[in-house]
Amino acid sequence: MNEVILGIETSCDDTAVALVTENGEVLSSVVSSQIDIHNEFGGIYPEYAARAHVNAILPTIDLAFRRASLTPKDIKAIGVTRGPGLIGSLLVGLTTAGGLGLGWGKPVIGVNHLRGHLRSADLEHSRVEYPAVVLLVSGGHTILSYMYNSVDIKILSSTKDDSVGESYDKVGRMLGLGYPGGPVVDKLAKQGQKTIDFPRPMIHKGLEFSFSGLKSAVARFLESSPEYPKEDIAASFVDAVLDVLITKSKRALKMYRPKSFVIVGGVAASPQIREAAQELCESQKVSLCLPPLKWATDNGAMIALTTWDYVKQGVYKPPVHQLKLPINEF
Ligand code: KG4
Ligand code: ZN
């Protein structure tokens, strides 16, 4: 067998590895999480993240091969995240992939992390109907994009300051909920009422996002009303975030009239956003495509699937075993 790609993702705080076939079938996917390490700091501590990747990377790769009952001889290429991300974390994946590629005689291809997220909805089997408007909401990014097909992508907008995930994480920290804030803020929000009218930055025009004003408004509110029910603050914050995300997505759907709307990235794991997207797509008569929860957060499978795109386009020509790592290319 030679139709499998090894995907390695170490851009942030997950050491993630997967083996994926040409049609997106995931033969194994292993994620070694660092949440326990960063929890006490209320956010990611880059120095510890890089060190934890060093400790986890080889056992994680080994486990992925064992779970798929494959050996390095069986793979066609290695795909590895080349950015964006924390440099110390990225270097662990990049240098490991480079070394293994040389040792095993396999090509190594650098993959943009965001492109990986944008492709994640097609993991296991193709779901996305192209052209698609894709909302990427993760810890590091908030992007609206238009995908003509699985490889040709136009970025429509991004955030001028904080990402959605970052805002969730910061609000989680302000409310004393630990890291990562997203899942806990979401859970708490479900128990509260939307009693506070937080600002919806830049909601009235364009596709660009901004979330720092909302985050500061939550901080100011907490300072002035420390006894206010936390669940109501969480519910009002989530309401403002969703209002902005859905309003901008609706605007993009009206402008671009795609066949489907896709949401990817860690925040796509939020049940509230999934529900709101359902309503949006029904009203806009466009089909909704959401990746299964396990492919919303960082994983190696999305990197392997994106590597397949490059391989199919002939980005490398075997048997030239060459590490290709352009820095700024999307
Ligand atoms: O895509 P991801 O795993 O990593 C990055 O590329 O950044 O996204 C992580 C982000 C974190 O900010 C986390 O708080 C958020 O996704 N997140 C959520 C949920 N699960 C994870 N945000 C809202 N609701 C969730 N259920
Ligand atoms: Zn990510």
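Trainee: Among contacts in the chain between residues at least 6 apart in sequence, what percentage join residues at least 24 apart?
Mentor: A contact means heavy atoms within 4.5 Å. Here 73% of those contacts join residues at least 24 apart. Note that this is a predicted model: local features need pLDDT of at least 70, side-chain atom pairs count only at pLDDT 80 or more, and totals for chains, interfaces and linings use all residues. Residues are numbered from 1 along each chain as its sequence is written, and side-chain values use heavy atoms, with hydrogens and water left out.

Trainee: What are the spans of the C-alpha trace along its principal axes?
Mentor: The trace spans about 60 × 45 × 30 Å.

Trainee: How many disulfides does a search of the whole structure find?
Mentor: A disulfide is a pair of cysteine sulfur atoms within 2.5 Å. The search finds 0. Cys 281 is in no disulfide, and its nearest cysteine sulfur, that of Cys 289, is 9.7 Å away. Cys 289 is likewise in no disulfide.

Trainee: Is Cys 281 buried or exposed?
Mentor: Cys 281 is buried, at a relative accessible area of 4%. Cys 289 is buried too, with a relative accessible area of 4%.

Notes. Chains lettered and ligands numbered in written order. Buried < 20%, exposed > 50% of the residue type's maximum accessible area, 1.4 Å probe, protein only.
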